[in-house]
Amino acid sequence: MKDENFLKANNARSLWHPMTAPSDSLKNAPTIVTGAQGVRITDLDGHEVVDAVGGLWNVNLGYSCQPVKEAITGQLDRLPYYSIFRGTSNDCVIELAEELRTFFEPDGLTRAFFTSGGSDSVETALRLARQYHKIRGEAGRVKYLSLKKGYHGTHFGGASVNGNANFRTAYEPLLPGCHHIPAPYTYRNPFNETDPARLAQLCLAALEDEIAFQGAATIAAFIMEPILGAGGVIPPHPSFMPGVESICRKHGILLIADEVITAFGRTGAWTGSRLWGVKPDFACTAKAITNGYFPFGAVMIAESVAQVFESDATGKAAIGHGYTYSGHPVGAAAALACLAETKRLNVVENAAARGTQLYEGAKALMAKHDIIGDVRGGHGLMTAIELVADRATKSAPDKAIPARVQEVAYRSGAMIRISGPNIILSPPLILTAADVDVILSALDAGFLAL
Ligand code: PLP
């Protein structure tokens with residue numbers, strides 16, 4: 001490793017950090033992480049904290065998952081790369097597809113298409129959705145619907161269905177034919193509705209209205225996260241996603257579940273779709289599929305969609321899509337080990353129990369600190385704390401405030417993530433009750449310092 005002076009001097013000199021203004025990284029030096037063990041990370045100054053961000057919602061099994069590391073190194077020795085484009089395959093990816101089929105069968109998803117990450121998975125599902133309709137002779141179904149505040153990655157397709165202006169404006173014009181409906185966000189919504197069940201019905205009515213306005217025969221798919229993540233952890237009312245599913249079915253619109261965050265236990269259920277009892281047509285996955293140790297993803301495809309592609313006699317079902325790293329054997333080996341460890345360590349149960357502790361603890365902080373306007377979560381280890389300048393008006397706090405909370409919380413033992421006025425907590429799913437207490441007391445220290 002280069003010495004401390006070199007790293008600090010060059011942290012943002014020849015390196016642009018994603019999702020940050022280059023001038024900001026030059027002014028506020030990003031924390032340089034140099035090591036990690038279990039659920040803790042260590043920085044260049046030797047300061048060790050609980051990682052309440054979980055990498056980037058992906059290090060579900062923590063940083064010391066030996067079976068995954070060994071699977072990666074073992075596979076590098078055996079077969080470091082081979083493509084699965086037309087005419088070739090590799091043994092590891094075949095085994096993984098069969099494992100994923102078993103894992104996702106309760107969601108009705110029985111085929112896998114491999115990618116190198118979440119944005120690739122979203123792009124894949126959006127493209128295959130259009131192709132599905134073309135095979136079936138409905139070539140006019142080309143539009144996409146999605147939720148405001150949703151996040152679907154950064155490719156042009158994903159950015160076009162994203163529902164947050166921060167990820168869109170600089171890159172417009174985006175894909176035509178992408179339309180958004182209000183998210184079931186109880187704390188702030190255009191209906192001023194504070195009852196989650198009634199709000200879900202209003203958002204579903206807005207979806208019906210948009211479909212009627214666009215014309216159902218022009219719409220390929222609706223894409224949504226089972227729990228909105230990057231948009232500020234927004235769990236919908238349990239009636240919402242099943243409602244979306246039945247509206248989509250009624251109008252022949254495919255349902256894409258963007259499970260890049262929610263698959264593999266984060267919500268305290270094996271998948272976000274299963275949490276709500278929904279069977280989507282596609283599920284986009286990435287992140288925790290390899291515990292963040294290798295860039296990898298998979299789009300899971302419903303049996304009914306697979307049948308349309310596999311029984312095509314029109315010549316329209318050749319998949320003109322794929323990535324050099326689709327089905328990478330090292331990623332596949334990592335994913336196989338992750339699935340086995342996720343089951344062996346009962347992380348889904350732990351995510352549910354520790355998630356409740358974190359959510360209840362965050363609500364207790366709200367009773368103590370007026371700066372907190374809303375606490376969202378209650379489904380596994382996805383919690384957001386939304387800060388406000390004034391609870392009555394819900395006006396946004398000064399931009400320096402979340403950064404100040406983050407800084408003090410870090411010094412007090414926890415790395416937290418800031419997204420606008422939200423503090424986002426998405427720690428590894430293996431953390432203990434004592435680790436949750438560390439996160440909560442670090443947050444308390446952050447709020448007390450304001
Ligand atoms: N979809 C969702 C729901 C996400 O949260 C993310 C990333 O956070 C993506 C897609 C994009 O994934 P990636 O950053 O791996 O491209």
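A crossover is right-handed if, with the strands pointing away from the viewer, the path from the first strand over the helix to the second runs clockwise. Here strand β5, helix α7 (residues 156-161) and strand β6 make such a right-handed β-α-β unit. Helices (H or I, at least four residues) and strands (E, at least two) are DSSP runs, numbered from the N terminus.

This is a predicted model: local features need pLDDT of at least 70, side-chain atom pairs count only at pLDDT 80 or more, and totals for chains, interfaces and linings use all residues. Residues are numbered from 1 along each chain as its sequence is written.

**The chain**

The protein chain has 15 helices and 15 strands. Its C-alpha trace spans about 65 × 60 × 40 Å along the principal axes. Of its 450 residues, 48% count as buried. A residue is buried if 20 or more other C-beta atoms lie within 10 Å of its own, exposed if 12 or fewer, and partly exposed in between; C-beta atoms are placed from the backbone.

**Strand β5**

Five of the five residues of β5 (residues 143-147) are buried. In a regular strand the side chains alternate between the two faces of the sheet. K143, L145 and L147 lie on one side of β5, Y144 and S146 on the other, and all are buried.

**Q214**

Q214 belongs to helix α8 (residues 196-214). Q214 counts as partly exposed because it has 14 C-beta neighbours inside 10 Å. Leaving aside neighbours within four places in sequence, Q214 is in contact with K143, H179 and I219. Contact means that the C-beta atoms of two residues, placed from the backbone, lie within 7 Å. The C-alpha atoms of Q214 and G177 are separated by 9.1 Å, with the two residues 37 apart along the chain.

**The ligand shell**

The ligand is surrounded by 14 residues, and the closest are G117, G118, S119, G153 and V260. A residue is near a molecule or strand if its C-beta atom, placed from the backbone, lies within 6 Å of it. Helix α6 (residues 118-135) gives the largest share of the shell, three residues. By type, the shell holds six nonpolar, six polar and two charged residues. Ala, Val, Leu, Ile, Met, Phe, Trp, Tyr, Cys and Pro count as nonpolar, Asp, Glu, Lys and Arg as charged, and the others, Gly among them, as polar.
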